[in-house]
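Please read this short report with the sequence and the structure side by side. The text moves from the surface to ring contacts and then to a sheet.

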Amino acid sequence: MSKKLNQLEATAICGNDISSSCLYVSALAIFYAGQYAWISLLMVAGVLFLFRKIYGEVVGALPLNGGAYNALLNTTKKSTASIAATLTVLSYMATAVLSASEAVKYAHSVWEVIPVFPVTIGLLLLFMGLVILGIGESSKVAVFIFLFHLFSLTLLCGFCLYFLFSNGFDTLIANFKMPVGGSITMALFFGFSAAMLGISGFESSANYVEEQQAGVFPKTLRNMWIVVSVFNPLIAFLALGLLPQEVVNNNQDALLSFLGETSGGHWLSFLIGIDAALVLSGAVLTSYVGVGGLMERMALDRVLPSFLLIRNTKKSPYLIFILFFALCTSILVVTHGDLPSLAGVYTIAFLSVMVLFGIGNLLLKFKRKNLPRPERASYLAVFIAIVAVIAALLGNIFLNPEFLVTFFEYLVPTLLVVFFMLYNHYILKAVLRFIDYIAPDNSRFFKNWNRIIKNKLHELTSQQFVFFTNNDNVETLNRVMQYIEQNEPTKRIKIVAVVDKGMKVANNLKSDIEVLDRAYPEVKIQFVEEPGKFGPEKIKELSKRWKIPINFMFIGAPGEDFPYRVQQLGEVRVII
């Protein structure tokens, strides 16, 4: 992007998703935790505080689009990273469809003439068009929605507080005297588990970090944390102060509108209904922007088909957004707009991504400890955060065991597509053997298929990869070869030493590479001494000269004295 997102624009895009949780999460927490719901929501704010540093450390060290996928791609195997990517895409699909559907239902409650099903598809189509025009254009819409939402919530809370102090605390006291079903500990646990769904969107900022101005990313995390920490517990507390618990439970679907009607009258209820429709629409935009950054990165790494990288005149990867729209619309059509089952997909996928990001942080500490980073999360904080999210995941599965079945119904076919792309060279080789077995005489039909498959295999394996070495020893280079052999279907590798004036490569480097060449006979290893200074300009120059994409170039983790940040090197992958 020529113009990158400032703090307000970047916060608004992900903030609309996470702040839309105010519409449902307080009611959910009250249903499970009763009068202790606000404590459950404060516990969620505490966990989110820990994740601020976890995300800040990982994305600060590896500030590239992709979120959990990027964290795991640079610390472990490509297949593991692809599972995180698949879960994230599923989470975005479920969020987009559910948010669009609920937004239109809120609009329908205000204007009953609005047909829900076709307008839901129209809303998905509208935001597809916005992101195709460019993330900069869509951010202006996100900012308007976000600011209007904050204004509406502030106004609602103000009227609820005035109503509470004007009418006394009898309802609040009565709610707090009500007996809890089961123990207080279990009420807090299940309330916490349900309330953890209110932080969806926190992971989104990491998926478009490259589109943000320098230093903006940690501010988006802080801003989202403040919104969730203030409004969610406050709204739950105010709801308990104004309404009996059974009334709250009977109005879960539109609790905030009901609070508006109670505290300010019909006009405030109407305003909250408009706000709900808008901010839920903003959550659809969050899904488009987040999935765009993620799927583009996946396509660059050959986890998704490369044709998805085609851009329009606005530099937007429009095919990704069209594909995402088609997937979301197909879900609506298949389910006929009846979407409760999607909540299970969203719940398990989102919480699983949070766990994987925490694991990515630990792997970064162990495997890339020399990689510079602006902040560090303590081991204890990461451990507590991971355990808390796993507990919330198990709590939601216990409360809704059918969620697990629905989740796998969506996960399995999505994983099959991703793993087909990851291991298509093995599949193509197996198909070749099968053709040779059933048609050894090579009839014309099988001969044509044989030729097509061999051409595709040649295309896959002839893609050259580059590893930039800094006089590494044979043991380190062998680890590089093992990584490439396990993760990339290639038979051509350049090991490149960029040598500045007055410098020379280690005496043993050439002989070590000859040893590797004999150890990996199926891979052609080419050693290149490249004059010049290693840095972003040299990488761009070599990428252009050799016609090798930058994301097919690898480095070892640089130390604190390295003069560049990883994001300055482009899409270079850190593999050791």
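In which helix is L161 found? In this model, which is predicted, L161 belongs to helix 7, the run of residues 135-167.

**Aromatic pairs**

Across the whole structure, a search finds 26 aromatic pairs. One of them joins Y55 and F202, and because the ring planes stand at 80° with the centres 5.4 Å apart, this pair is edge-to-face. Y55 sits in helix 3 (residues 37-61), while F202 sits in the loop between helix 9 (184-195) and helix 10 (217-242), so that the pair links distant parts of the chain, 147 residues apart. Y55 and F202 are both buried. These two residues also belong to a cluster in which ring pairs link F51, Y55, F202 and F357.

Another pair is formed by Y483 and F554, and it counts as edge-to-face because the planes of the two rings are at 85°, with 6.0 Å between the centres. Since Y483 lies in helix 20 (residues 474-487) and F554 in strand 4 (residues 553-555), the pair ties together parts that are 71 residues apart in sequence. Y483 is buried, as is F554.

**Charges over rings**

| Lysine | Ring | Distance to ring centre |
|---|---|---|
| K365 | Y379 | 5.3 Å |
| K494 | W546 | 4.6 Å |

In the case of K365, the charged end of the side chain sits over the ring of Y379, and K494 likewise lies over the face of W546.

Strand 4, which holds F554, is part of an open sheet of five strands, arranged in the order 3-2-1-4-5 with parallel pairing. Strand 3 (524-531) and strand 5 (573-574) stand at the edges, and because each has a single partner strand, one side of each is left without a neighbour in the sheet. The pairing of strand 4 with strand 5 is parallel and runs over two bridges. Within strand 5, R573 is the residue that F554 stands opposite, and F554 is also the residue whose ring pairs with that of Y483.

Methods. Residues numbered from 1 in each chain as written. Predicted model: local features only at pLDDT ≥ 70, side-chain atom pairs only at ≥ 80, totals over all residues. Heavy atoms only, no water. Phe/Tyr/Trp six-rings, centres within 6.5 Å; stacked < 30°, edge-to-face > 60°. Helix = DSSP H or I, 4+ residues; strand = E, 2+ residues; numbered from the N terminus. Buried < 20%, exposed > 50% of the residue type's maximum accessible area, 1.4 Å probe, protein only. Lys NZ or Arg CZ within 6 Å of the ring centre and 35° of its normal. Pairing = 2+ DSSP bridges.
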